[in-house]
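Subject: Handing over a structure

Dear colleague,

Please find the structure below, followed by an account of what was found in it.

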Amino acid sequence: MAGTGEGKKEEADYKRMNSFPLIRHTDMPEEMRVETMELCVTACEKFATNNESAAKMIKESMDKKFGSSWHVVIGEGFGFEVTHEVKNLLYMFFGGSLAVCVWKCS
């Protein structure tokens, strides 16, 4: 029985370590970065099994708050090359391997 308790503790530690957002690259101002990061975490937790709905929620919120032409990609194992407006890009990881890229272009 001691083995199962220990295994659950390790699993809880792993989930805790991989459930915080990790910013890979951003050029956003501090206030915008914090708001965007919190929005991404909320959306990814709310729609844990549906990346499309999470991306739609983030895009619509960003359009309302910071003006239109925001784009969002959420997934695992993707690469990208985008042209974006200066100070309007955030690339982060959440929950271990889930990547979120948010950028604005007009």
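**What was found**

Helix 2 (residues 30–46) has 17 residues and spans 24 Å from its first C-alpha to its last, close to the 24 Å expected at 1.5 Å a residue, where the expected span is 1.5 Å times one less than the number of residues. Helices (H or I, at least four residues) and strands (E, at least two) are DSSP runs numbered from the N terminus.

This is a predicted model, in which local features need pLDDT of at least 70 and side-chain atom pairs count only at pLDDT 80 or more, while totals for chains, interfaces and linings use all residues. Residues are numbered from 1 along each chain as its sequence is written, and side-chain values use heavy atoms, with hydrogens and water left out.

Among the buried residues of helix 2 are Met-32, Thr-36, Leu-39 and Cys-40, buried meaning under 20% relative accessible area (1.4 Å probe, protein chains only). The elements that cover the buried residues of helix 2 include strand 1 (22–26), helix 3 (51–66), strand 2, strand 3 and strand 4.

Helix 2 packs against helix 3 at an angle of about 150°, with the two axes 9 Å apart; axes are lines fitted to C-alpha atoms, for helices over the stretch in contact, and angles run from 0 to 180 degrees between N-to-C directions. Helix 2 is therefore roughly antiparallel to helix 3, a term used for angles over 145 degrees. The residues making this contact include Met-32, Leu-39 and Ala-43 of helix 2 and Ala-54, Ile-58 and Phe-66 of helix 3, contact meaning heavy atoms within 4.5 Å.

Turning to the strands, seven of the seven residues of strand 4 (residues 98–104) are buried, so strand 4 is largely enclosed by the rest of the structure. Both of its faces are covered, with Leu-98, Val-100, Val-102 and Lys-104 buried on one side and Ala-99, Cys-101 and Trp-103 buried on the other.

Strand 4 pairs in the antiparallel sense with strand 2 (residues 70–75) over six bridges, and Gly-75 stands opposite Ala-99; two strands pair if DSSP finds at least two bridges between them. Strand 3 (residues 89–94) also runs antiparallel to strand 4, joined to it by six bridges, and Met-92 stands opposite Val-100.

Finally, Asn-88 lies in the loop between strand 2 and strand 3 and is buried, with a relative accessible area of 10%. Leaving aside residues up to four places away in sequence, Asn-88 touches Asp-27, Met-28, Met-32, Trp-70, Val-102, Trp-103 and Lys-104.

With best regards

Technical notes:
Buried means under 20% relative accessible area, exposed over 50%, partly exposed in between (1.4 Å probe, protein chains only). Angles under 35 degrees count as roughly parallel, over 145 as roughly antiparallel, 65 to 115 as roughly perpendicular and the rest as oblique.
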